[in-house]
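Subject: Structure for you to look at

Dear colleague,

Please find below the structure I promised to hand over, followed by some notes on what was found in it.

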Amino acid sequence: MNAVCRHLAALIGKDLRIESRSKDVVLTLILFALTIVVIFNFAFDADAEQSRSAAPGILWAAIAFSSSIGLGRAFSREQEEGCIFALVLSPIDPGVLYSAKFLGNLIFLVFCEAIFLPIFWILFDLPGHVLQPMFGLVLLLGSAGFAAVGTLFSAIAAESRARELMLPILMLPVLVPVILAALNGTRVLFDQLDRADLLPWIKLLVGFDLIFFVICFLLYPYIVGE
Amino acid sequence: MLSVVKLFRSITFQLALSAFLMALAGWMALLYAPTEKSMGDVQRIFYIHVPAAWIAFLAFFVVFGASFGFLATQKPRWDALAAASAEIGVLFITLVLVTGPLWAKPVWNTYWTWDARLTTSLILWLIYIGYLLIRSYTRNSSRSSTLAAVYGIVGFIDVPIVYFSIRWWRTLHPSHVVGPAGRGLAPSMALTLTVALIAFTALYAVLLRIGYKSRLLEYNLIGIESLSKGAIE
């Protein structure tokens, strides 16, 4: 157990250190999300009320697209200089490797969302009640689903000819349930609907996250194993 | 070349049988089955639409099973089976997505509605197009089969989750219910559907066999080529 924790800490620490020096994933991810918001805004520009009711959808569209780009980049960095081979050769269990990549990706996504959300909040002139702990939970659970599937699929996409281009195509259709649940949970919070409506979405998100994490955890060794 | 000839000779009977069944199903769907009272002749699309959907699900289930087989044994024949079945599945799910709107427009007065079944079919199509993309974009890699197998497993497990989540969402936000719900079929219609289902299954079997065998031949050829290259070097 102790060794597992040490391996996890070392792997996550490595990813965070690389990112803190280059900042390319975080930066592109946030800028890309902002661009998506700007474009969507044109569609609802005429009516502030309408644009506010579309906010949950726009938010999750931005998160979905930008995270699929960001996670692809995060993995292809492992391939440069053959880092992934070193990782596979090292005496680290592939399951631990998956968990570390998963946690690292989750940290990236949550970090980007923490910067992106205040900007989004201002741009859409959202009411103050939006920024609350429950919303953080929905974001965290949604991002966990993205990270679970994205970590496995980015390894698949990285070996194809189209590379990062493949990841959104592979990842987003599979993640439709997560997007759906996160979006609707967000809508309950944004529109201040009955709190009892939120619970089913939270439960669904937890369920989806668990299913996807377990499947991807079990299959990851096949992808990076050789 | 010889083995290709042999392949086609060995499936002559199967090919003839499925051709006969398809012709019979076509005749029954167009002439034998009575015209539906409220929908009229357009309802006959039913006899293509439903069997095509059945074949698509069957084909993707075979992909799922064969992917497991491949990961467990690493035998190329499981990979050949999965690849052949996925191609046929995509063909038939495409047929479902084309015939569905053609039927829906006159009956529901819209080509498309975002209900659970329709949305799931579209996502299913997207997932398995992704599967074929992995195969074609990693063609020269020895790991192509493993990558595809992993995606084939995740994709198939995802399908019921997608369906369930959309259904759930729709029940929370009720919208008008669409589709033939709990409507009894006339006996002659049921018979036509049964024949069509059998015919499509026979067609699937023959297509699968051709795809599977030709892939095995391709693998053999690649094996021979690399052997002869080794001999020259």
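Among the elements of chain B, which has the lowest mean pLDDT and which the highest? Helix α1 (residues 2-10) of chain B has the lowest, at 70, whereas helix α3 (residues 46-73) of chain B has the highest, at 93; here pLDDT is the predictor's confidence in each residue, from 0 to 100, and helices (H or I, at least four residues) and strands (E, at least two) are DSSP runs, numbered from the N terminus.

Before going further, please note that this is a predicted model, in which local features need pLDDT of at least 70 and side-chain atom pairs count only at pLDDT 80 or more, while totals for chains, interfaces and linings use all residues. Residues are numbered from 1 along each chain as its sequence is written, and chains are lettered from A and ligands numbered from 1 in the order in which they are written.

The model scores ipTM 0.87 and pTM 0.88. Chain B averages a pLDDT of 85, with 90% of the residues scoring at least 70. Over residues 174-179 of chain B, however, the pLDDT is below 50, and beyond near neighbours in sequence this stretch has five contacts in the model, two residues being in contact if their C-beta atoms, placed from the backbone, lie within 7 Å.

Chain A contains ten helices and zero strands, and its C-alpha atoms fill a box of roughly 55 × 35 × 30 Å, taken along the principal axes. Its radius of gyration is 18 Å, which agrees with the value near 17 Å that a compact globule of 226 residues would have; the radius is taken over C-alpha atoms, and the globule rule is 2.2 Å times the number of residues to the power 0.38.

Two helix pairs in chain A deserve a careful look. The axes of helix α2 (residues 24-44) of chain A and α6(A) come within 10 Å and cross at roughly 35 degrees, where axes are lines fitted to C-alpha atoms, for helices over the stretch in contact, and angles run from 0 to 180 degrees between N-to-C directions. Residues of α2(A) that take part include Val25(A), Leu29(A) and Val37(A), and those of α6(A) include Phe111(A), Ile115(A) and Leu123(A). By class, this contact of α2(A) with α6(A) has 15 nonpolar, no polar and no charged residues (Ala, Val, Leu, Ile, Met, Phe, Trp, Tyr, Cys and Pro count as nonpolar, Asp, Glu, Lys and Arg as charged, and the others, Gly among them, as polar).

Helix α4 (residues 55-79) of chain A and helix α6 (residues 94-123) of chain A pack at an angle of about 140 degrees, with their axes 11 Å apart. The contact of α4(A) with α6(A) divides into seven nonpolar, three polar and one charged.

Chain B has seven helices and zero strands, and along its principal axes the C-alpha trace spans about 70 × 45 × 25 Å. Helix α4 (residues 76-108) of chain B has 33 residues and reaches 46 Å from its first C-alpha to its last, close to the 48 Å expected at 1.5 Å a residue, the expected span being 1.5 Å times one less than the number of residues. Just after α4(B), Asn109(B) takes a positive phi of about 65 degrees.

Finally, where the chains meet, 25 residues of chain B are in contact with 23 residues of chain A. The elements that give two or more residues to this side of chain B are α5 (116-137) and α6 (144-172) of chain B, and α6(B) gives the most, with 14 residues. The side of chain B that touches chain A divides into 17 nonpolar, six polar and two charged residues.

With best wishes
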